[in-house]
Amino acid sequence: LEQQTIESLNMLKMRKTPFIIALNKVDRMYGWKPIENGHFRQTLAAQEDHVQQEFHKRYNQAVLALNEQGMNVSLYWENPDIKSYVSIVPTSAITGEGVPDILNLLVELTQVMMTDRLMHVEHLQCTVLEVKQIEGLGTTIDVILINGTLRETDTIVVCGLGGPIVTPVRALLTPHPMREMRVKGSYLHHKEIEAAQGVKICANDLEGALAGTPLFVLGPEDDEEDLKDEVVSDVQSILGQVDKSGEGVCVQASTLGSLEALLEFLKSPDVKIPVSGISIGPVHKRDVMQASIMLERKKEYAVILAFDVEVSKEAREMAKELKIKIFTADIIYHLFDQFTAYMEKVKEDRKKETEMDATFPCVLKILPTCIFNKKDPIVLGVEVLAGIARVGSPLCVPTQDFVEIGRIASLEKNHKPVDKAYVGDAVAMKVNSTTALEASRMYGRHFDHSDELVSRISRHSIDLLKELYRDELTKEDWQLVLKLKHLFQIQ
């Protein structure tokens with residue numbers, strides 16, 4: 001099962017929503033003989049034995065995966081109890097097989113399990129699905145009218161990007177029978193429309209309307225200000241989740257519902273991506289300008305996560321110029337994968353930039369029988385007593401008034417070069433001086449085998465370890481950092 005499938009199942013179970021499962025792509029099985037738009041049981045019976053066996057094998061694998069998610073499932077014609085078992089309908093979107101079954105089952109289960117909710121009431125219940133620019137009509141909104149009646153003389157209240165929009169209806173339109181609203185062409189005009197169906201509304205000032213928000217009708221007894229407050233309440237509650245003064249990415253989604261889902265996902269314990277700005281609709285230049293604020297605060301968060309929205313050409317050009325990253329995807333998890341890969345690259349680039357500054361903690365014991373060169377470059381055999389000896393680390397001798405002897409230039413273990421040496425490792429170490437004073441240091445004069453060598457950490461190096469190498473250091477390594485911090489009197 002895909003991660004988004006598991007997430008969808010969990011959301012349906014959490015909200016106790018009745019549902020059925022479409023087991024799609026049955027036509028992809030080898031040897032399948034399709035019957036266009038046929039009932040699935042009839043189609044399956046017409047297949048050869050080996051195809052039927054293949055179907056049952058794949059079906060059982062799907063059942064096992066769903067059982068692992070704590071669900072009882074069954075083929076819809078074998079379902080012993082529709083309230084305890086979720087029905088599975090095998091389908092093919094290409095050939096239409098199983099589609100009659102799924103439509104029939106949806107109607108049947110809705111009438112059986114949701115009788116009370118199917119009653120029509122006069123109280124208006126309407127949701128904005130999409131905001132569209134239609135040639136000859138201007139900006140229109142596609143809405144789903146769930147309950148109540150819409151009239152051509154109504155004044156509607158919808159939520160917009162800049163606040164509530166109050167505007168009179170110019171036209172109520174529906175597509176011709178047996179045609180979709182998304183198909184271009186002429187529309188039927190209506191004086192009034194009763195629930196439940198999709199309606200296209202033409203009105204003024206709808207450019208900033210937000211998809212996914214409720215629509216209200218301003219009646220003679222209604223208070224306009226109360227309706228305005230109610231229509232923006234959902235948006236304000238979501239805006240309240242975002243700390244605009246903090247550090248984080250900018251998030252853009254197509255509807256209020258998808259924005260809410262994306263924000264919930266980003267703040268979940270497994271993800272934890274901070275958000276500093278949100279918006280609904282296509283990505284424009286102003287959104288890129290908002291994201292560019294992070295260039296001054298935290299460069300890696302100068303990012304726009306665009307979920308199921310288009311990015312304008314001007315916005316892409318500006319983002320390229322300002323070096324703002326825009327990630328787009330139709331699936332939340334793909335967006336997360338893109339951002340995670342980007343953050344890993346940023347982290348690796350930062351590691352390369354700060355390689356010489358990130359000093360790992362280590363304590364080294366000099367092996368007296370392995371002194372190969374006493375002065376610059378000093379070459380010694382050492383044993384790692386604590387921490388991690390890493391190429392590039394500066395070394396000093398605390399017992400000799402913290403005399404600094406240079407940086408680790410190379411390490412060899414069993415005659416093979418290594419970048420790091422861990423506790424218990426015995427390695428040959430070459431130390432290069434970085435200053436004239438360090439070049440004058442000599443084994444036997446300034447220090448000897450009775451002295452321990454310690455990496456010279458600093459406040460800056462500790463901060464880098466916390467930021468970039470936290471996972472590479474063990475609990476004992478961090479305890480050594482604290483010990484050295486006190487030794488070097490670092491605040």
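This conversation covers charged residues in a predicted model.

Student: Which residues form the negative surface patch?

Tutor: The patch consists of Glu 221, Asp 222, Asp 223, Asp 226, Asp 229, Glu 230, Asp 234 and Glu 260.

Student: Which helix gives the most to it?

Tutor: Helix H5, residues 224–239, gives the most, with 4 residues.

Student: And where is Glu 221 found?

Tutor: Glu 221 sits in the loop between strand E12 (214–217) and H5. Glu 221 counts as exposed because its relative accessibility is 80%, and exposed means over 50%.

Student: Turning to salt bridges, how many are there in the whole structure?

Tutor: A search of the whole structure gives 17 salt bridges. One of them joins the side chains of Glu 152 and Lys 191, at 3.4 Å from N to O. Glu 152 is in the loop between strands E6 and E7, and Lys 191 is in the loop between strands E9 and E10, so the pair ties together parts 39 residues apart in sequence.

Student: Is Lys 191 buried or exposed?

Tutor: Lys 191 is exposed, with a relative accessible area of 65%.

Student: What about Lys 413, which residue does it pair with?

Tutor: Lys 413 forms a salt bridge with Asp 425, and their closest N and O atoms are 3.2 Å apart. Lys 413 lies in strand E21 and Asp 425 in the loop between strands E23 and E24, so this pair ties together parts that are 12 residues apart in sequence. Lys 413 is partly exposed at 32% relative accessibility, whereas Asp 425 is buried at 14%.

Student: Which residues are joined into one network?

Tutor: Salt bridges that share partners join Glu 348, Lys 351, Lys 420 and Glu 472 into one network.

Conventions. Residues numbered from 1 in each chain as written. Predicted model: local features only at pLDDT ≥ 70, side-chain atom pairs only at ≥ 80, totals over all residues. Heavy atoms only, no water. Patch = residues over 30% accessible without salt bridge, like charges linked within 9 Å, V, L, I, M, F, W, Y side chains within 5 Å. Areas by Shrake-Rupley, 256 points an atom, 1.4 Å probe, with all protein chains shown as cover. Salt bridge = Lys/Arg side-chain N within 4 Å of Asp/Glu carboxyl O. Lys, Arg positive; Asp, Glu negative; His and termini not counted. Charge placed at Lys NZ, Arg CZ, Asp CG, Glu CD. Helix = DSSP H or I, 4+ residues; strand = E, 2+ residues; numbered from the N terminus. Buried < 20%, exposed > 50% of the residue type's maximum accessible area, 1.4 Å probe, protein only.
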